Amino acid sequence: MIFDDELLERCISCGFCLPACPTYALTGEEASSPRGRITLMRALETGQLEPDDPTLVEQSSFCLGCRACEPVCPAGVQYGNLLEQWRDHQWRGRDRPWLARVLMAVVARRWLLRLQGLVRRHARARGRAESLMLGCVERGLYPAVSRAALRIAPGLNVPANQGCCGALHAHNGESGRGAELARELGKRLPGTIVTTAGGCAAHLAAHLGRDRVKEFSEWLVERNAWPDGEVRVDGRRARVALQDSCHLRNGMGVTREPRELIKAVADYVELPSAGSCCGAAGTYSLLRPADSREVLAPKLAEIESAGVDYVVAVNPGCLRQLRQGLRGTPVKALHLAELLRLAGN
């Protein structure tokens, strides 16, 4: 058995998911929609298609895993879980993309993550009751995010030898190992776990419990920790847009809190596509860069035409995607913690 029968049979093929799916929007092909992919999963489960079937191989990789289909599904299909089960079967051994294998091997080594974080000077603090999780990507590429978060919330504990939360493994064919890493991290981080990475938040919440895990904006709003000051550009309040984290929005339902925090320090501009995937999608932008850029392209045009000064991300992968896409434009991409830190200056 490849899939959980109850999950697989829940889909009623109504098609509500089609307009929400970014890859279906790109191709217009049924196989590139959640409904079409579930049909393929059923064919794999029953033996009608072999794992090396070209359509199965392509569609298991082409899916962004953004889970935008879940909130609009009247039958409550847990598509994200199905996708993990599919890739567990489809991406075994040498069938897993080589770059994904390399990245998973790197983040599984806590000493290596700790070393890169120390070199890049991520936030450090000890002895508090609630813990700031240092994401694998953030501590290496964007250490300023954790430093900003700690300046805003100096009461957070930042244990040094944290390790990976396992989201990378879960999305790349090793969901069992991903769950194990989440539980291990839960044991190493005391109290409530606060994370500045939306994808990590959703993965940890699924395995440690929703009450144990808080995304940074959610945690700040729950504590009524509103920022002081405002972000100004050329003598006026900055115009700021938001790019939602797909897993934070679709997996945890957190959308209001980052918007409220932005409104507290700047003039918020809602982008029509704020809730749709930017194409980063974890390792997707590395594994399928051309498709990732195609998903991003209309969003970049929208951002530039909106006349904003900043676009804010709440996930490091989204931040990387936006910074690369907006290079050479007057619009700057920031993490929410960095924006709030600007307001405090």
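User: How many aromatic pairs are there?

Analyst: The count comes to one aromatic pair, where rings of Phe, Tyr and Trp (its six-membered ring) pair if their centres lie within 6.5 Å. The rings of Phe-216 and Trp-219 have their centres 6.5 Å apart and their planes at 20°, so the pair is stacked; planes under 30 degrees apart count as stacked, over 60 as edge-to-face and the rest as tilted. Bear in mind that this is a predicted model: local features need pLDDT of at least 70, side-chain atom pairs count only at pLDDT 80 or more, and totals for chains, interfaces and linings use all residues. Residues are numbered from 1 along each chain as its sequence is written, and side-chain values use heavy atoms, with hydrogens and water left out.

User: Where do Phe-216 and Trp-219 sit relative to each other in helix α13?

Analyst: They are three residues apart in α13 (residues 216-222), separated by about one helical turn. Helices here are DSSP runs of H or I with at least four residues, strands are runs of E with at least two, and both are numbered from the N terminus.

User: Are Phe-216 and Trp-219 buried or exposed?

Analyst: Phe-216 is buried, and so is Trp-219. Buried means under 20% relative accessible area, exposed over 50%, and partly exposed in between (1.4 Å probe, protein chains only).

User: OK, sheets. What's the strand order in the open sheet of three?

Analyst: The order is β1-β2-β3, with parallel pairing; two strands pair if DSSP finds at least two bridges between them. β1 (131-133) and β3 (213-215) are the edge strands, each pairing on one side only. Neighbouring strands of this sheet are turned by 30° against each other on average, direction ignored. Angles are taken between axes, which are lines fitted to C-alpha atoms (for helices over the stretch in contact), and run from 0 to 180 degrees between N-to-C directions.

User: How many bridges join β1 to β2?

Analyst: Three, with β2 covering residues 193-195. Met-133 stands opposite Thr-195 in β2.

User: Which helix lies across β1, β2 and β3?

Analyst: That's α12 (residues 198-208), running at about 165° to β3. Contact means heavy atoms within 4.5 Å.

User: And the open sheet of four strands, what's the order there?

Analyst: β7-β6-β8-β9, with parallel pairing. The edges are β7 (267-269) and β9 (332-335), each pairing on one side only. The twist averages 35° from one strand to the next.

User: How is β8 joined to β9, and what lies across β6, β7 and β8?

Analyst: Four bridges join β8 (residues 310-313) to β9, running parallel, and Tyr-310 stands opposite Lys-332 in β9. Helix α15 (residues 256-265) lies across β6 (239-243), β7 and β8, at about 170° to β6.

User: Switching to helix α4. Which residues are buried there?

Analyst: In α4 (residues 54-62) they are Leu-56, Gln-59, Ser-60, Ser-61 and Phe-62. The cover over them includes α2 (22-27), α3 (34-46), α5 (79-90), α16 (284-287) and α17 (289-305).

User: What happens at the start of α4?

Analyst: A side-chain oxygen of Asp-53 reaches to within 3.0 Å of the backbone nitrogen of Thr-55.

User: How many disulfides?

Analyst: Zero in the whole structure, taking a disulfide as a pair of cysteine sulfur atoms within 2.5 Å. For Cys-11, the nearest cysteine sulfur is that of Cys-17, 6.5 Å away. The sulfur of Cys-69 is 6.3 Å from its closest one, also in Cys-17, too far for a bond. Cys-11 counts as buried at 13% relative accessibility, and Cys-69 is buried at 10%.

Methods: Polar contact = N/O pair within 3.5 Å; in protein donor to acceptor, adjacent residues only side chain to side chain.
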